[in-house]
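Work through the two exercises below with the sequence and the 3D view open. Try each task before you read its solution.

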Amino acid sequence: MKTSWPTRFAENVKNFQGYPIGKTLQYLTDPEIISLAGGLPSPEVFQRSQMRQASAAALDANIDRVMQYSPIPGEATLVDAVLAFLERDAIRIGHENIVITSGGQAGLDLTGRLLLNPGDTVMVDRPTFAGAVVAFQMQRPRFIGVDIEDDGSDVVGMRVQLEQLAGRGELPKFIYVVPDFQNPSGITMSLAKREALLDLSYEFDMPIVEDSPYRDLRYRGENIPALFSLDQQSEGGHVIGIYTFSKLFCPGMRVGFNIGPAEVVTRMTHIKEGSILNTPKWNQDMCTAFLSDRDLDQHLESCRSYYREKLDVFLETMAEHFPPETGVTWTVPEGGLFLWVSVPAHIDTAKLFFDAIEHKVAFVPGEQFYGENPEHNHMRINFSFVSKEDLAEAVRRLADCVKKKI
Ligand SMILES: Cc1ncc(COP(=O)(O)O)c(C=O)c1O
């Protein structure tokens with residue numbers, strides 16, 4: 001008798017479709033297409049020779065340990081380097097507050113698995129990072145959206161929702177935010193809103209999950225303290241931080257870390273034990289070398305000036321091709337890799353995507369970035385990957401395509 005596998009699938013994954021962006025990217029096989037869809041850092045800023053040296057040095061130093069299992073919370077040398085990295089950002093924690101992960105997505109998965117039961121509520125921005133929705137979805141929570149404004153989450157609207165949810169005994173397990181140069185919108189949360197969000201967290205006993213892959217990629221404006229450090233200066237213990245080196249070093253390394261109260265991190269380490277055991281020591285050693293290198297600041301500075309130029313090319317070409325009467329608007333990020341373009345409400349960007357492909361340009365339809373009740377007239381644009389020339393050409397193609405629908 002033939003086994004029917006779908007009838008055996010666990011409830012948590014029966015209707016789980018994975019990452020929608022992957023399905024978008026499958027249409028981009030034509031090399032003529034200029035894709036602003038992926039979230040890739042540019043290979044132009046990859047430190048190839050440093051990577052080769054770090055890799056060889058890791059093997060030379062102790063090949064037997066590299067080939068062996070290694071501690072689940074992470075290599076002590078990497079943890080020390082990360083603690084020093086965080087001190088630059090006024091975050092002071094100990095070894096008991098950190099678990100090394102295999103990248104930000106793994107950090108989100110650990111968080112969802114630790115905190116969510118089916119039917120629990122998670123508060124997210126509208127729009128929010130699609131990868132977080134996918135990671136948390138595995139536990140089948142309910143998402144409640146809060147609009148994002150030019151200076152971050154609408155904390156006033158959030159209070160109204162929290163009061164209603166408290167009345168029904170349905171307060172969120174946590175709120176998930178990307179305060180710095182959010183993926184997908186590029187928006188940064190102001191200091192006033194960070195403080196207001198923490199106040200809500202204290203008042204309603206709602207922990208905050210702060211996802212920070214882009215904090216060091218600021219191209220303009222003043223650094224704003226991380227929610228984690230603001231919380232440390234106040235009540236403390238309300239924030240889980242999720243970090244990755246994918247955008248600062250390279251995604252192929254798959255190294256990141258989660259920080260938080262010791263009781264949270266210990267449990268995350270237990271979950272990691274049940275899934276991947278350790279993050280490869282080889283990768284961790286390469287990351288340690290990257291962090292301990294005297295040129296780290298110089299590397300970050302060169303990433304910033306490289307991406308700043310690309311962002312400016314994109315913004316200038318958008319202003320040329322989309323005058324105000326087109327009704328097309330876009331965010332102006334101070335850092336990160338993304339921005340958010342909004343077209344008149346009658347245009348559905350999921351359909352426009354296929355017209356764009358005909359025009360040999362691609363973006364991610366905005367509807368993929370909502371936990372619930374998606375809006376349909378936005379697109380996420382990545383400006384970090386393609387060359388400056390291609391960026392300008394991509395905007396021209398996009399303008400040709402969008403103007404036919406206005
Ligand atoms: C906000 C956010 N969190 C997490 C991740 C995942 O990071 P990683 O690529 O290290 O898994 C990304 C990647 O794009 C991201 O934008």
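**Exercise 1: a sheet**

An open sheet has four strands with antiparallel pairing, in the order 10-11-14-13. This is a predicted model: local features need pLDDT of at least 70, side-chain atom pairs count only at pLDDT 80 or more, and totals for chains, interfaces and linings use all residues. Residues are numbered from 1 along each chain as its sequence is written, and side-chain values use heavy atoms, with hydrogens and water left out.

Task: find the edge strands of this sheet, then trace how strand 10 and strand 11 pair.

Solution. 
1. Know the terms. Strands are DSSP runs (E, at least two residues), numbered from the N terminus. Two of them pair if DSSP finds at least two bridges between them.
2. Find the edges. Strand 10 (329-330) and strand 13 (364-365) each pair on one side only.
3. Trace the pair. Strand 10 runs antiparallel to strand 11 (residues 338-342), over two bridges.
4. Pick out one facing pair. Trp330 stands opposite Val341 in strand 11.

**Exercise 2: the ligand**

Task: list polar contacts (pairs of N or O atoms within 3.5 Å) between the ligand and Gly104, Asn183 and Tyr214.

Solution. 
1. An N or O atom of the Gly104 backbone is 2.9 Å from a ligand oxygen.
2. Turn to side chains. A polar atom in the Asn183 side chain lies 2.8 Å from an oxygen of the ligand. For an N or O atom in the Tyr214 side chain, the distance to a ligand oxygen is 2.4 Å.

Methods: A polar contact is a pair of N or O atoms within 3.5 Å; within protein, one must be able to donate a hydrogen and the other to accept it, and residues adjacent in sequence count only if both atoms are side-chain atoms.
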